[in-house]
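Subject: Handover of a structure and notes on it

Dear colleague,

Please find the sequence and structure below. My notes follow directly after them.

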Amino acid sequence: MTQQSKTIAVVNATGRQAASLIRVASAVGHNVRAQIHSLKGIIAEELQGLPNVTLFQGSLLNNTALMDTLFQGANLAFINTTSQMGDEVAIGKALADAAKRAGTIQHYIYSSMPDHSVHGPWPPVPLWAPKFTVENYIRQLGLPATFVYAGIYNNNFTSLPYPLFQMELMPDGSFEWHAPFDPDTPLPWLDAEHDVGPALLQIFKDGPKKWHGHRIALTFETLSPNQVCAAFSRALNRPCRYVHVPKVEVKVNIPAGYREQLEAIEVVFGQYNAPYFPQPEFSRPAAGSPKGLGLPMARQLWEGWRDMEEYAREVFPVEEEANGLDWML
């Protein structure tokens, strides 16, 4: 990378998207100012050991002082909030206001998601729709901004009994994935830890002159659930079967609000088989601004992306072993 070193403001530092960016930004010599909720944990400890990274611990909700500190001296920003932070709309708007107030942000990348109720006869997906509200606010604010839409994380899969993406280990050694997605409808995928950071760096490198106002789907591969299981089967050399079910199976306690998220997914994707990204510009070339760019653009941003089969072969067993499982031994 030949460009001049920049200072990047980041929130939710231990999240998969943010941590991916922090790792690669630090490696190529950029400075990072990152908000973090806790300094405890494996990812937090890793980030504390990276060069050029300064962490600011604290909650963002009603904390303009922390936000102002975060953006101090920053040229670039990557913002991906989560519902666990509190009121995501209030936090998202306040962060945009703080970036505008700082007066130094040359490019603001916001990790957005769609509000399905705007684009068809579907209910909103509750943990996604607030991001679309914030996206519209950022546009009105006039920040030089780009909006990335992350596909489903390959890294969501686990044989532990978590809902929606459990790759359940069966008594005969095979795997089964039970979910409400149509078995043959392609879904967008990415390896968040491996591929988000490099793609974001390229967007920053290209700058707002190229990307201002654009939506970009961070999706490197579209696979149906049946194709996902075929990739797992090839990678692990054991059978993997997709089982289409109308309801998400919840076997463990889940965070407040997540049950409503799962119920919306059952309706939007299970009953209606709606597009994951319903904006028309993700399925056809957009005639005007804002333009939406999908899978081919993600691959142009980062050619070293990791596909599902490689993830299942090289990463999934390592993550499983780290979770105390031993089926791969």
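Cys-240 is buried, as its relative accessible area is 14%; "buried" stands for under 20% relative accessible area, "exposed" for over 50% and "partly exposed" for values in between, with a 1.4 Å probe and protein chains only. Before going further, please note that the model is predicted, that local features need pLDDT of at least 70, that side-chain atom pairs count only at pLDDT 80 or more, and that totals for chains, interfaces and linings use all residues. Residues are numbered from 1 along each chain as its sequence is written, and side-chain values use heavy atoms, with hydrogens and water left out.

Cys-229 is also buried, because its relative accessibility is 2%. Zero disulfides are found in a search of the whole structure.

**Helix α12**

Helix α12 covers residues 308-322, 15 residues in total. Helices are DSSP runs of H or I with at least four residues, strands are runs of E with at least two, and both are numbered from the N terminus. From first C-alpha to last, α12 reaches 19 Å, close to the 21 Å expected at 1.5 Å a residue; the expected span is 1.5 Å times one less than the number of residues.

Where does α12 bend? The bend, of about 40°, is at Val-315, and Pro-317 follows within four residues. This angle lies between axes fitted to the seven residues ending at a residue and the seven starting there. Val-315 and Pro-317 are among the buried residues of α12, which also include Met-308 and Tyr-311.

At the N-terminal end, Asp-307 caps α12, with a side-chain oxygen 3.3 Å from the backbone nitrogen of Glu-309. After α12 comes Gly-324, which has a positive phi near 90°.

**Asn-154**

Asn-154 is found in the loop between β7 (152-153) and β8 (167-169). Asn-154 counts as buried because its relative accessibility is 1%. Which residues does Asn-154 contact, apart from its neighbours within four places in sequence? They are Trp-189, Leu-190, Asp-191, Arg-306, Asp-307, Met-308 and Tyr-311, where contact means heavy atoms within 4.5 Å.

Yours sincerely

Note on methods:
A polar contact is a pair of N or O atoms within 3.5 Å; within protein, one must be able to donate a hydrogen and the other to accept it, and residues adjacent in sequence count only if both atoms are side-chain atoms. A disulfide is a pair of cysteine sulfur atoms within 2.5 Å.
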